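Open the model in your viewer and keep the selection panel at hand.

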Amino acid sequence: MWIYEKTLEIPVRVSKPDLQMAKFLITQYGGPDGELSAALRYLNQRYTMPNKRIKALLTDIGTEELGHMEVIATLVYKLLKDATPVQMREAGLGAHYADHDKALFYTDANGVPWTAAYIQTKGDPIADLADNIAAEEKSRATYQWLINLTDDPEVGQVLKYLRGREIVHSQRFREALFMLEEENRANKAKKGDDDI
């Protein structure tokens, strides 16, 4: 179903190691509004969508979110790459180091592990699309706050790109919701439903 291209969606560079920033960034890897949650949510929801175009949209965005996970993982790896255990502890990553060394693990910035409870799906297409708009806006806000926390222009550039993609995803979900609502109105009108 997927073809994997061995390049990142955007080049990832860092100007210097920054363990604090790595700790903050991990929330977009495994936090409630992060890329893993988004990818799984959309790739799951596509099965209950009644419209083929919206199913395709969910597949496309879900797949792109997997690519965003790679970007975040690369950022975190590069920011932590040469850190010592003492530096990890001083940056508030001592518990992470004790359990995972510098390996990535699905948590938020506080170290709370990822849970399937982060994936919202109702099985109602309108509810799910509305929730997806909110999810993208929460992710956009998180990226903005991460941009505010970095003084590394290279990291900031990558985060601005990812923030921009969240805005595009929100817009596409708004269009899909409008399309679905229009289809529902048209179907009700054909049936002669009074509560249009």
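Here is a tour in short stops, each with something to select.

**Before you start**

This is a predicted model, in which local features need pLDDT of at least 70, side-chain atom pairs count only at pLDDT 80 or more, and totals for chains, interfaces and linings use all residues. Residues are numbered from 1 along each chain as its sequence is written, and side-chain values use heavy atoms, with hydrogens and water left out.

**Stop 1: the whole protein**

Show the cartoon. You will find eight helices and zero strands; helices (H or I, at least four residues) and strands (E, at least two) are DSSP runs, numbered from the N terminus. Starting at the N terminus, the order of elements reads α-α-α-α-α-α-α-α. Along its principal axes, the C-alpha trace spans about 70 × 35 × 30 Å.

**Stop 2**

Two packed helices are described by the angle between their axes and the distance between the axes. Axes here are lines fitted to C-alpha atoms, for helices over the stretch in contact, and angles run from 0 to 180 degrees between N-to-C directions.

Select residues 35-45 for α3 and 52-80 for α4. Their axes are 8 Å apart, and the packing angle is about 160°. That makes α3 roughly antiparallel to α4. (Angles under 35 degrees count as roughly parallel, over 145 as roughly antiparallel, 65 to 115 as roughly perpendicular and the rest as oblique.)

The crossing of α3 and α4 is left-handed, a word used if the near helix is turned anticlockwise from the far one by less than a right angle; clockwise would be right-handed.

Now show side chains. Contact means heavy atoms within 4.5 Å. The α3 residues in this contact include Leu36, Ala39 and Leu43, while Leu58, Ile61, Leu66 and Ile72 are among those of α4. By class, the contact has 10 nonpolar, five polar and two charged residues. Ala, Val, Leu, Ile, Met, Phe, Trp, Tyr, Cys and Pro count as nonpolar, Asp, Glu, Lys and Arg as charged, and the others, Gly among them, as polar.

**Stop 3: α3 against α7**

Colour Glu35, Arg41, Tyr42 and Gln45 on α3, then Asp128, Asp131, Asn132, Ala135, Glu136, Ser139 and Tyr143 on α7, to see the contact. Sorted by class, three of these residues are nonpolar, three polar and five charged.

**Stop 4: α4 against α7**

On the α4 side pick Ile54, Leu58, Ile61, Glu65 and Ile72, which meet Leu129, Asn132, Glu136 and Tyr143 in α7. The classes are six nonpolar, one polar and two charged.

**Stop 5**

Rolling a probe the size of a water molecule over the atoms shows where empty space is left. On a 1 Å grid over the protein atoms alone, a cavity is a set of points where a 1.4 Å probe fits but cannot get out, and a pocket is an open set with protein on both sides within 12 Å along at least five of seven lines; lining residues have an atom within 4 Å of a point. Grid points are joined across faces, edges and corners, and a volume is the space filled by probe spheres set on the points.

The structure holds one cavity of 30 Å³ or more, and the largest cavity has a volume of about 80 Å³. Select Pro32, Asp33, Gly34, Ala38 and Ala135, which lie nearest its centre among 13 lining residues. Of that lining, α3 gives the largest share, five residues. The lining has four nonpolar, three polar and six charged residues.

**Stop 6**

The largest pocket has a volume of about 290 Å³. Of its 11 lining residues, Ile3, Tyr4, Glu5, Gly67 and Glu70 are closest to its centre.

Finish at the second largest pocket, with about 230 Å³ of space. Select Leu93, Ala95, His96, Thr107 and Gly111, the nearest to its centre of 20 lining residues. The largest share of this lining, four residues, comes from α6.
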